[in-house]
Structures are given as structure tokens and as C-alpha cells.
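Me: I would like to go through this model with you, one label at a time. Please set each value against its cut-off.

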Amino acid sequence: MIAEDPPQQAAYYHQDSADLLYGNAKAGILVTLFASSLLVFGFNTVEIQVQKYIWWAGMSLLMLVRMIDVYRWDRRDKDQDCDGKKAVMRFISGALISGIMWCAYCLYVFSYANSTELACMIIVVSALAGGAATVLAAHRFTAMSYALIMLGPFSIGMLLSFEQYQQILGLLGLAFSVVMMITAKKSADFTRNAIRLKNENALLVNQMEQKVAQRTAKIYQLSNLDPLTGLFNRSAFMHHLQEQLKLSEKNGIPIALLFIDLDGFKKINDTLGHETGDKVLKQTAKRLEQFRDEQHLLCRWGGDEFLITFMGADQDMAVNYANTIINKISEYYDFESNRLSIGATVGIALYPKHSTKADELIQLADTAMYYQKKSSPRSVGLFNKEMRQRLFREQKLKIGLAEAIDKQQLRMVYQPIVQSVSHQVVAFEALLRWDFDGENVPPDEFISIAEQYGLINSIGNWVLQQSCIAAAEWLDACKNNQPSVSVNVSVLQLHNSNFIEFVESALGAAQLDAEKLTIEITESIFSNDKETMFHRIKELQSMGIKVSIDDFGTEYSSLSVIQDLAADTIKIDRSFINKLNTNGMAIIKAVKQMASTLNYDMIAEGIETQQQAEILSELGIEMLQGYYFAKPLELSKVKSYINHHSS
Ligand code: C2E
Ligand code: MG
Ligand code: MG
């Protein structure tokens, strides 16, 4: 509740009183002038006529001064606060002086006046006193005392005279002034209440208006602003962007739309907590606000994503602008004892070059950012046609992949992993194939799309089921040689809290021994929530399942993590086998040494030649896999392959 302070209320009261008093003043002054002239010039009182003229001149001068005061009040600046109290004081001083002057006139003249003049004096003064009771109602003291001042002494004077008719007139005058006092009091009280009510109403209206304004501001905030950063939210940004596009179309001005995504934000959130994450976002928003002027629209698009538009920017200007933004965001963030550093990747789409639609521009800038982050984070990427084609293909694959299981377009193939000395087959790696309306889409392409669009769990579970069933089948058929199955599992599957249950049910449904299943995971798991990963791997191992680190050497992993992880096998990546003649050999030797120390078996994948197989076998690598031994086989060929290679 916003209450007006008492002095302010009093000021309003005085101003309203002054308004009422001055509002009635002109007529009162003119009547006074007319009445005084009538009495002075209408009756010739020989003995004191000169004094009457002097009085009249004095009264006229007073009326002139009061009239000037009225004009000044009328012409004051109504928007400015003016001192109502002083104005009231000025006004009542003038009124009281004129009352006193009338009193003096009557007292002085009545002993010289004849009965007619006296009667006129009584009538005029009573009329004036009667009128004043309402005209002066805005000031109670003046209203009440005016009639008394004018009539009281005059009536007493007459009462004390020896003429009987004067005594009667005096008595009437006194009675009239008492009645006028009572009337004036009532009228003044009524006026005072009316003014108070008016001000209270005005105050209420004012408070209501302020409340409505506050509510409107709150609603605006809730529906348009991001609560954390105070920047525009999605819907407000879209609205303003559409307006900006209309304006640009009309004036032929280009616009650059920048999609800004923070680099390393997730890590801050995961390691230092959401509170610190929030602080980073707020700081980033503040830094971005420094770049905003009338030509720029800025919003938090979601998570750690921000959008900013730049009206009138061509390609070069937009890229320079984006680089400046990246530099600004990359400056250190200092919070209490923490000094943090993050970066940003920016994707740019241009209006009208790339699109004329708001939502499409955002999508294209997002795409540009996405590809830029993949290829070279912390830099600027401009949208291009090739990205559009990639995006189009991604969308097509995404839609196709969602239906691939139902349409029976997926199947598993199995590539043998052999013992390096005997070449006896010890396992098969299960590899997924997708026949998408006649096109064989490589798993390297569609697995990442499945991961990106939330399809990996359903596909991964299907792979696990199929692989377990297949392994159970070949184990049934081959009594002597019992190769296990190696299934590739995405990091996202491991993150799923139901993953262990899925594995158990796949094993159960196929009636496959857990010892016959190996889970292949890539090194990239180390960049994720290590605790969960370690926990899952331990759970798998406690069930008897083996764990293999795939594509070893291609991504970052610290030695200590590998040591803690205690996997069963390391699969060194094909890229090192290809470089056996150059530095690949040294790396393989070093990894082999480390693996032996940590008690891991090693598999070398991508063996394409006999020479490679021999070298790796001599190096003591336990198992080998590659086209040299066999390409991935259809399930129908697996059993014959096992039988053939066992004999
Ligand atoms: P990966 O797990 O490292 O699988 C080995 C890849 O190397 C397979 O490619 C295999 O066909 C290929 N390969 C094996 N020997 C040779 C060789 O001598 N020369 C050459 N040039 N290539 C060889 P593929 O089947 O295209 O799979 C590629 C990747 O896709 C896999 O790499 C794996 O990361 C992923 N992937 C395949 N199936 C699945 C799956 O069911 N689930 C998951 N999450 N990922 C899968
Ligand atoms: Mg693999
Ligand atoms: Mg591999």
C-alpha cells in the first residue's frame, strides 16, 4: 500500500481551500466595490463626507490589491506545487482587513447618518456578511468571524444609542451576526469534509493507478523477461525480432542474427554446482548487455544459449562483432575465491541472405553454431549452403531412424576378434547396420544422430537384445569353441539409470551367460560424470560382464582414470595400426606396456594385412580384429565361420 505522507495531504488540503476562496473572490470584490461606492456616493453626510471619500479610496485600493492577488493565483503554473497555505493566509488577511474596514466605516458613520442611510448601511453590511458565510466557507475562522467583525461592533454601537429604532436595529444586527456565525460554521465544516473526501478519493485513485502500474510491470516481467538474467525470454525475443524483420523489409536493411553458446558451461555446473552456474549466466548476460544498443535485440534463448541481433550488419561486420563478443565472454569470471574461464561459440545467420523468417533464421544460426562447435569451438561460424544440406540430411535421418526398428531396417553384423597367435576366434563384435530405403547409412553417421535426438536408448536396447540372442544361438551350435559377443554401448546409454536392468533382461531373454558378454565403451565417457560411469562399470563387472575401452588413444583420458576404471580390455584404435611404419609402433608399444602393468588384455582393431597381424602378434597384443581376418559377417555366416576356424 502506497500511502501519501501527511504533509503532502495537508498541502493538497490548503491548495483546494485556496482554490475555493480565490474562485469566489472576484464577485465578492466587485460587490464590495459596488456597495462601498453606493454608500459613499449615494448619501451626502456633510460633516464627514471627506472622510468617507478617504475611506472609499482606501477600500478601493485594498480591493485592487486583492484583485491582483486573485489574478496571480489564477495564472499560477498549475503543474507546479504552490504554497496553498500562504495563499490562504494572504486571502484571509485581505478579507479580514476589508471586514475591519467595513466595521470602522459603520462605527464612524452611524452617528452622522440619517435613518435612511443607516437602514441602507445595515442592509448592505448584513448582505455582505450573509454572503461571506458561504463565500469564505473554505476557511472556518474567517467565515465565522467575518459577520461578527462587520456587524458586531456596529450593532453594539446602535444598541447603546438612545434612539429606540437604533436599539432595535442593533439587536437585530447582533442576532443576525450570531445566526451568520452558526451558518458559516456549518458551511465551513461541510466544505472541509468535502475537500477531505475529494483528496481521499484522489489518493485512492492514485494508489490504484500505482498498483495497476506495478501489476502491469510484474506481468510484463513474467511474460517477457528471463527471471535469472532479466534479458528477454524466447517469446518476447521472437515478437521483437518479427517487428525488426518487418522494419528491415520496409527499409531494405540487413540483419545479422548471432546464436551464442557458452563453451565449458556444463562442466562448471557439474563441478561447481548450479549456484555458480547461475552466477556465470548472470555475468554473461551483463557482459552481453554492454553490446546492446537500440539496434540490438538480446535474449537468453535457454540454458547457456543467448541470441543477439545486429541491424544493418553485413557479413564482415557480423563476424567482427561476434569475435568481440567471444573475447568479452572469455575474460575471467571472478567469484569470491573462484576464478573461472569459459568461452563461447557463435553461429551467424543473415537476413535476408539466408532466410527472411524469424524462426528459420534462429534455426540456421543455431545450426551454424552447432557445426562450428564440432569443428572448432570458441570461434565464429557463418551459416552456409553445405550446412543446410547437412541439416536437411540430419533431419531426414532422424525421422527415418525413429521408424527404423519398426520397419525392420536395422540388423546386426558380427566381426570376429581372434587370438593373435592361434587366430582362433574368441569373440564377435556386434556392429549395427541400417538399410534406409536402399541406402546403407554408416553407423558413424547415424549413431550420433540417434544420440542427439534421444533415440539411442531404444536402438541400443534393441542391439543388446539382438546381440545376446545371436550369441546364445552360436554358442548353442558350437560346443568346442565358445566365442563371446562384444556390444558397443553409447555413453548416453550408460547414463540411463535403467541400463543395468536392460542388460539383465537382454541376457535373461536370450539365456546368455553374462561372462559371454563384453560391453565396449569409448574413452569419451571420461569427459562425463565419472562417478556414475565408474559405478555402472562396477555393476556390469560384478554381474560377470567384461568391459572394453574402445577406440583407445583417439580421445583424451588420463592414466589415473584408466587405472581406477579397472576395465578388462583395451582396444587400440585403427588409426595407430595404419601408422605402424611411422610413430604408430611406438605408441602401441607404450600402450601395451601400460596395459600389461594394469593387467588389461589388448585388442588391435583394423588389421588389414598379414604383416600388421604378425607385427602386432610379436608385440604381444593378445587379440586382433580386422578385414584381414574377416569383414563383419551376417549372422547366418557366423556359425560356419566358427566351425571353419576351429578346425
Ligand atoms: P568400432 O566400435 O570401433 O567398430 C569398428 C569399426 O571398424 C567397424 O565399423 C568396423 O566395420 C570397422 N573395421 C573393422 N575392421 C576394419 C578394417 O580392417 N579396416 C577398416 N577400414 N575398418 C575396419 P562400423 O561397423 O562402420 O562401425 C563404426 C562405429 O560405429 C563403431 O566403431 C562403433 O563406434 C559404432 N557402432 C557400430 N555399431 C554400433 C552399435 O550397435 N552401438 C553403438 N553405440 N555404436 C555402434
Ligand atoms: Mg567397438
Ligand atoms: Mg573401435
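**Salt bridges, burial and the ligand shell**

Reply: Glu539 and Arg536 sit three residues apart in helix α17 (residues 530-542), so about one helical turn separates them. Helices here are DSSP runs of H or I with at least four residues, strands are runs of E with at least two, and both are numbered from the N terminus. This is a predicted model, in which local features need pLDDT of at least 70, side-chain atom pairs count only at pLDDT 80 or more, and totals for chains, interfaces and linings use all residues. Residues are numbered from 1 along each chain as its sequence is written, chains are lettered from A and ligands numbered from 1 in the order in which they are written, and side-chain values use heavy atoms, with hydrogens and water left out.

Me: Why is the contact between Glu539 and Arg536 called a salt bridge?

Reply: A salt bridge needs a side-chain nitrogen of Lys or Arg within 4 Å of a carboxyl oxygen of Asp or Glu. The N to O distance for Glu539 and Arg536 is 4.0 Å. That meets the cut-off, so the label applies. Side chains of opposite charge can pair when their charged atoms come close.

Me: What makes Arg536 buried or exposed?

Reply: Buried means under 20% relative accessible area, exposed means over 50%, and partly exposed is in between (1.4 Å probe, protein chains only). Arg536 has 8%, so Arg536 is buried. Glu539 has 27%, so Glu539 is partly exposed. Salt bridges that share partners also join Glu429, Glu520, Lys571 and Glu605 into one network.

Me: How do you know that Asp261 and Lys373 form a salt bridge?

Reply: Their closest N and O atoms are 2.3 Å apart. That is within the limit, so the pair counts. Asp261 lies in strand β1 (residues 255-263) and Lys373 in helix α11 (residues 358-375), so the bridge ties together parts 112 residues apart in sequence. Asp261 has 9% relative accessibility and therefore counts as buried. Lys373, at 24%, counts as partly exposed. The whole structure has 25 salt bridges.

Me: What makes Glu473 and Lys639 a salt bridge?

Reply: The closest N and O atoms of Glu473 and Lys639 are 3.8 Å apart. The pair links helix α14 (residues 456-477) to helix α22 (residues 635-646), 166 residues apart. Glu473 is partly exposed at 35%. Lys639 is partly exposed at 30%.

Me: Why is Leu61 called exposed?

Reply: Its relative accessible area is 54%, so Leu61 is exposed. Leu61 is in helix α2 (residues 49-74). With Leu64, Val65 and Ile68, Leu61 forms a nonpolar surface patch of about 390 Å² accessible area (Shrake-Rupley method, 1.4 Å probe; for residues, only the protein chains shown count as cover). Patch residues have over 30% relative accessible area and no salt bridge; nonpolar side chains (Val, Leu, Ile, Met, Phe, Trp, Tyr) are joined within 5 Å, like charges within 9 Å.

Me: What makes the Asn488 contact with ligand 1 polar?

Reply: A polar contact is a pair of N or O atoms within 3.5 Å; within protein, one must be able to donate a hydrogen and the other to accept it, and residues adjacent in sequence count only if both atoms are side-chain atoms. A polar side-chain atom of Asn488 lies 2.9 Å from an oxygen atom of ligand 1, so the contact qualifies. A side-chain N or O atom of Gln415 is 3.1 Å from a nitrogen atom of ligand 1. The protein covers 86% of the 790 Å² of accessible area that ligand 1 has on its own.
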